[in-house]
Amino acid sequence: ASDGILGWPGPKSHSTEELKNGALSSLSSASANITWAIVPSAAQDAQALQPNTEVSHSASELILVEDEMTDTEDNEEEDLGVMDDQRSVILHLISQLKLGMDLTRVVLPTFILEKRSLLEMYANFMAHPDLFLSIAAGATPEERIICFVEYYLTAFHEGRKGAVAKKPYNPIIGETFHCSWDVPKDKVKAFRTNGASTLSKDSAKELGQDQSTCYKLRFVAEQVSHHPPVSCFYCECKEKKMCVNAHVWTKSKFMGMSIGVSMVGEGVLHLLEHEEEYVFTLPSAYARSILTIPWVELGGKVNINCARTGYSATVTFHTKPFYGGKVHRVTAEVKHNPTNTIVCKAQGEWNGTLEFTYSNGDTKVIDTTKLPVIRKKIRPIANQGPLESRRLWQHVTNSLKEGNIDAATEHKHCLEERQRAEERQRAALTTPWKPKYFAKEGDGWLYVNPLWKSH
């Protein structure tokens, strides 16, 4: 009955042999069947083509916190000073591209990859969870939206990790990433007292151990679509009755000596205690000077809007002018729309110093490079499911760490081929992919069990 379903259409390449030998992944054959049922038997229907989504979502919650440990992974990337052989690869690639061309389906050379998945990059935007949780502590709608803007402006520094223009792995469909943070309760302060954080990194570590002195913030991300490439993430803190749900579709295009990546989509922050929803968008990113030493800058105007309170904010990431001018500049203003009053202005660099000026004349300076980072907690790779980012990409990551670009390319190619084969299979069986944690709603995607449903 399964003759019609070819697991690996086309000639067998040596990369499929590697799969058999278990080099690509330490999956036991039983779990390989569940996740990538390569040739379903007659007894297995088309359901086998994707991980079992029938698991109740309370069961999927259980994987989150029990065995999570503080992440020791150092996600600093060394500078990409392009070597001659790499430059010729890039030149060859550029020679085939046209201005404005969509790069979504273009395979980029492995040496420009950053050692983490895009899903994990979104998690790293939460590296200052104390600032995030402080939003709910604001006493008035004005304070809460200002806190949101403060958090938002500091999020990109840690999420981008240095100015090096490297590209996170494109998540494959069904890939997920889970982590959490223990946030010391004494770090989460109401707005006016929340000066620049003074907690030392060591005391954050000690405090992080004791559950009762900490808020728990959980995060899950999932790649829900391959074309277009849509990533979703959801983050919640039950105690603070707040959560954020976002869906982002990345779209990249070639612009001559740079590559532009726009983030299409939006996020919504829910503050259940105040019955407020803040809708926000994300800036575009640009990889500049791709032939010499590439660097990243953010650009574009983003909006944060709370319909219920009438407050909104505009954040502008300024790209460097051709001559002179500073890099990484950002300006923002927070406005109360019904009265057309500006209640706060901010300016500075998103990866440097930011200065906030409030309508009462007060000012505050935040140095993003000095903010203590609360490390995320993540389960060891051995405890992760086969579709979780770190386990899925572990061989690519290890090869990149060892500087073995050929091996990294080979492992990456295996993953991509596997995804294509499955896509052809699903098309042949007309079984659309069904995500595990998110469901399509209108133009967006919503987490299946958000805090506001149970609240």
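View 1. Take helix α11, residues 405-429: at 1.5 Å a residue its 25 residues should span 36 Å, and since its end C-alpha atoms are 36 Å apart, the two values agree. The expected span here is 1.5 Å times one less than the number of residues in the helix. Helices are DSSP runs of H or I with at least four residues, strands are DSSP runs of E with at least two, and both are numbered from the N terminus. Phi of Thr-430 is positive, near 45°, in a residue other than glycine. Is Thr-430 buried or exposed? Thr-430 is exposed, because its relative accessible area is 65%. For these words, buried means under 20% relative accessible area, exposed means over 50%, and partly exposed is in between (1.4 Å probe, protein chains only).

**View 2. The whole chain, before zooming in again.** This is a predicted model, so local features need pLDDT of at least 70 and side-chain atom pairs count only at pLDDT 80 or more, while totals for chains, interfaces and linings use all residues. Residues are numbered from 1 along each chain as its sequence is written, and side-chain values use heavy atoms, with hydrogens and water left out. The protein chain has 12 helices and 19 strands. Of its 455 residues, 53% are buried. Among contacts in the chain with a separation of 6 or more, 65% are between residues 24 or more positions apart; a contact means heavy atoms within 4.5 Å. The chain exposes about 20,700 Å², and carbon and sulfur atoms supply 55% of that. Those areas come from the Shrake-Rupley method with a 1.4 Å probe, and for residues only the protein chains shown count as cover.

View 3. Look for Glu-120 and Arg-390, which form a salt bridge with their closest N and O atoms 2.5 Å apart. Glu-120 lies in helix α5 (residues 118-124) and Arg-390 in helix α9 (residues 389-392), so this pair ties together parts that are 270 residues apart in sequence. A salt bridge is a side-chain nitrogen of Lys or Arg within 4 Å of a carboxyl oxygen of Asp or Glu. By this rule, the count comes to 16 salt bridges. Glu-120 counts as buried because its relative accessibility is 5%, and Arg-390 counts as buried too, at 15%. Which residues are linked in a network of salt bridges here? They are Glu-120, Lys-376 and Arg-390.

View 4. The side chains of Lys-241 and Glu-273 pair up in a salt bridge, at 3.9 Å from N to O. This pair links distant parts of the chain, 32 residues apart: Lys-241 is in the loop between β6 (230-237) and β7 (242-254), and Glu-273 is in the loop between β8 (259-271) and β9 (276-280). Lys-241 is partly exposed, with a relative accessible area of 27%, whereas Glu-273 is exposed, at 52%. Arg-379 and Glu-388 also meet in a salt bridge, at 2.6 Å from N to O, and both of these residues are buried.

**View 5. Glu-222, a buried charge without a salt bridge.** Glu-222 belongs to strand β5 (residues 214-225). It is buried yet has no salt bridge, and the nearest side chain of opposite charge, Lys-436, is 7.4 Å away. When talking about charge, Lys and Arg count as positive and Asp and Glu as negative, while His and the chain ends are not counted. What does the side chain of Glu-222 reach at 2.7 Å? The backbone nitrogen of Tyr-437. Leaving aside neighbours within four places in sequence, Glu-222 is in contact with several residues, including Leu-119, Glu-175, Val-230, Cys-232 and Phe-438.

View 6. Lys-185 lies in the loop between β4 (176-184) and α8 (201-209), and is partly exposed, with a relative accessible area of 30%. Its contacts, not counting residues up to four places away in sequence, include Ser-212, Tyr-215 and Glu-239. Pro-228 is in the loop between β5 and β6, and the peptide bond from His-227 to Pro-228 is cis, with omega near -5°. His-328 is in the loop between β12 (311-318) and β13 (329-336). Phi of His-328 is near 60°, a positive value in a residue other than glycine, and His-328 is buried, with a relative accessible area of 9%.

Notes. A polar contact is a pair of N or O atoms within 3.5 Å; within protein, one must be able to donate a hydrogen and the other to accept it, and residues adjacent in sequence count only if both atoms are side-chain atoms.
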